[in-house]
Amino acid sequence: MTTLYRCRTPTNWLCSCGRVARELRKAGVEFEQVRVPQRRSQRLEIHDLTGQDWVPVIVDGEEVIHDSHRILEYLEWLDRRDD
């Protein structure tokens, strides 16, 4: 299963984390969401995964992808691969 690490923004329309969540749903990818602390200094799990402290981040099997643009490219690649 895919895991989306995202900010605490309660809606999917105000930030890049929400955009990634919308695109995951549109692509039919089952995923769980982990809301990370607001303070970047407290995002230890994100730092351990990526070496940085920004979200969104997805973990899909062995793949760890950060930056919303790279995540969306990855989703497009998955879609093309399945065709």
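**Close-up views of a predicted model**

**View 1. The largest nonpolar core of this predicted model has 12 residues.** Its members are Leu-4, Val-20, Ala-21, Leu-24, Phe-31, Ile-58, Ile-65, Ile-71, Leu-72, Tyr-74, Leu-75 and Leu-78. Helices H1 and H3 each supply at least two residues of this core. The most comes from H3, which gives 5 residues.

**View 2. Helix H1 packs with helix H3.** H1 covers residues 16–26, and H3 covers residues 68–82. Their axes are 10 Å apart and meet at an angle of about 5°. Angles under 35 degrees count as roughly parallel, and H1 and H3 are therefore roughly parallel to each other. On the H1 side, the contact is made by Ser-16, Arg-19, Val-20, Glu-23 and Leu-24. On the H3 side, Ser-68, Ile-71, Leu-72 and Leu-75 take part. The residues of this contact between H1 and H3 comprise 5 nonpolar, 2 polar and 2 charged.

**View 3. Four strands form an open sheet.** The strand order is S2-S1-S3-S4, and the pairing is mixed. Strand S2 (31–35) and strand S4 (63–66) are the edge strands, and each pairs on one side only. From one strand to the next, the twist averages 15°. In general, strands of a sheet pair through backbone hydrogen bonds, either parallel or antiparallel.

**View 4. Strands S1 and S3 run antiparallel.** S1 spans residues 2–6 and S3 spans residues 57–60. The two strands are joined by 4 bridges. Within this view, Tyr-5 stands opposite Val-57 in S3. Helix H1 packs on the sheet, where H1 touches S1, S2 and S3. The direction of H1 makes about 160° with that of S1.

**View 5. Helix H3 lies across strands S3 and S4.** H3 runs at about 135° to S4. S4, an edge strand, covers residues 63–66.

**View 6. Contacts of Ile-65.** Which residues does Ile-65 contact, leaving aside its neighbours within four places in sequence? They are Pro-56, Val-57, Ile-58, Arg-70, Ile-71 and Tyr-74.

How values were computed:
Residues are numbered from 1 along each chain as its sequence is written. This is a predicted model: local features need pLDDT of at least 70, side-chain atom pairs count only at pLDDT 80 or more; totals for chains, interfaces and linings use all residues. Side-chain values use heavy atoms; hydrogens and water are left out. Axes are lines fitted to C-alpha atoms, for helices over the stretch in contact, and angles run from 0 to 180 degrees between N-to-C directions. Angles under 35 degrees count as roughly parallel, over 145 as roughly antiparallel, 65 to 115 as roughly perpendicular and the rest as oblique. Contact means heavy atoms within 4.5 Å. Ala, Val, Leu, Ile, Met, Phe, Trp, Tyr, Cys and Pro count as nonpolar, Asp, Glu, Lys and Arg as charged, and the others, Gly among them, as polar. A nonpolar core is a set of buried Ala, Val, Leu, Ile, Met, Phe, Trp, Tyr and Cys residues joined through side-chain atoms within 4.5 Å. Buried means under 20% relative accessible area, exposed over 50%, partly exposed in between (1.4 Å probe, protein chains only). Two strands pair if DSSP finds at least two bridges between them.
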